[in-house]
Amino acid sequence: MRVFYTERDLDLERIGTERESILIMSQFTNLFLVLSLFAFAPLCCFSSKTHGGYLYPQFYDLSCPKAQQIVKSIVVKAVAKEARMAASLLRLHFHDCFVQGCDASLLLENSGSIVSEKRSNPNRNSARGFEVLDEIKSALEEECPHTVSCADIVALAARDSTVLSGGPSWEVPLGRRDSRSASLSGSNNNIPAPNNTFQTILTKFKQQGLNVVDLVALSGSHTIGNARCTSFRQRLYNESDNGQPDSTFDQSYAAQLRTKCPRSGGDQNLFFLDFVSPTKFDNSYFKNLLYSKGLLSSDQVLLTKNEASMELVKTFSENNELFFEQFAQSMIKMGNISPLTGSRGEIRKNCRKINS
């Protein structure tokens, strides 16, 4: 039996073929985009050149061989006592490195001409874990006086906190020295805010030598920890100054959050950044974004405001191992932001104040 095709049938077949080709090309384009992004985020070597010298994992092998063991033992104890402490210590490393570089300037209290970064908007009533760092410093000063910097303690505590939460490990390049100054204005201006636009956040990362891959990977640290009501209230009630909630927020999730985050009051009420596995370091943070359940605006915009970051969110949501690998690389890269090395800076005896 002969089958006769009309001109319309042939047109439909041609259109179907073209659509299939476009779909395949789109998939390849997205894959190429992700691969090309990773090409610009090369593997970080474990020894990194800085303006004043080298950072390398073996820095204390001779001068304080038990340094990393001491840091880890105290972090283990602190996280066992309070699981939230892991996220708090990890956050301190971010907030330190984005201001003057990774120099422990965040740890300084008000003194003389120093105005503490702890008073800045990103840190006030939220930065915590300083007592854990004090305990580590005290133990290290007893083991090997005036040797291990507070800046390196912060970097090691961040790594150990990640591992204890089930996340990746990495060798931390060491050899940072401590600053003799702090920058309140730098803390207010350089650290991305929860309500910043995507472009503003990316610009702040680029100013530190980080790119969109680092931005998305490091945002994945929000797989653990908490945020205060005041950090995302605007999304619930008045996102665009029009009296309406954020349209990119899953509305049932938003309704649930409103029960404990009212229009006024309750500013310090805490909410899990990743409600699925709040104390486990994994890629569920990225899966939440795909369901419009990122808690902060700065989380959800990774999916909604930029194609490159959107593809990275999808990639990390599907591949936990790849997320872990990139997170470790980006943490090493962030830890290399403008460290003081050589004769610059000092080794503080007390992390809260400069040496007299």
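Because the model is predicted, local features need pLDDT of at least 70 and side-chain atom pairs count only at pLDDT 80 or more, while totals for chains, interfaces and linings use all residues. Residues are numbered from 1 along each chain as its sequence is written, and side-chain values use heavy atoms, with hydrogens and water left out.

Searching the whole structure turns up 4 disulfides, a disulfide being a pair of cysteine sulfur atoms within 2.5 Å. With the bonded cysteines numbered in sequence order, the pairing reads 1-4, 2-3, 5-8, 6-7. One of the bonds joins Cys64 and Cys144, with 1.8 Å between the sulfur atoms. That pair links distant parts of the chain, 80 residues apart: Cys64 sits in the loop between strand 2 (53-55) and helix 2 (67-81), and Cys144 in the loop between helix 4 (130-143) and helix 5 (150-164). Helices (H or I, at least four residues) and strands (E, at least two) are DSSP runs, numbered from the N terminus. Both Cys64 and Cys144 are buried, where buried means under 20% relative accessible area, exposed over 50% and partly exposed in between (1.4 Å probe, protein chains only).

Cys97 and Cys102 also form a disulfide, at 2.0 Å between sulfurs; the link is right-handed, with 120° about the S-S bond. Cys97 comes out at 0% relative accessible area and Cys102 at 1%. Another bond, Cys229 to Cys261, has its sulfur atoms 2.0 Å apart and is right-handed too, with 80° about the S-S bond.

On the aromatic side, the whole-structure search gives 16 pairs. Rings of Phe, Tyr and Trp (its six-membered ring) pair if their centres lie within 6.5 Å; planes under 30 degrees apart count as stacked, over 60 as edge-to-face and the rest as tilted. Phe98 and Phe205 are edge-to-face, 5.1 Å centre to centre with 70° between the planes. Phe281 and Phe323 are instead stacked, at 5.8 Å and 0°. Phe281 and Phe323 also belong to one aromatic cluster with Trp170, Tyr285, Phe286, Phe316, Phe324 and Phe327.

Finally, Lys118 lies over the face of Phe130, 4.0 Å from the ring centre, and Arg235 over that of Phe249, at 3.9 Å. The criterion is NZ of Lys or CZ of Arg within 6 Å of the ring centre and within 35 degrees of the ring normal.
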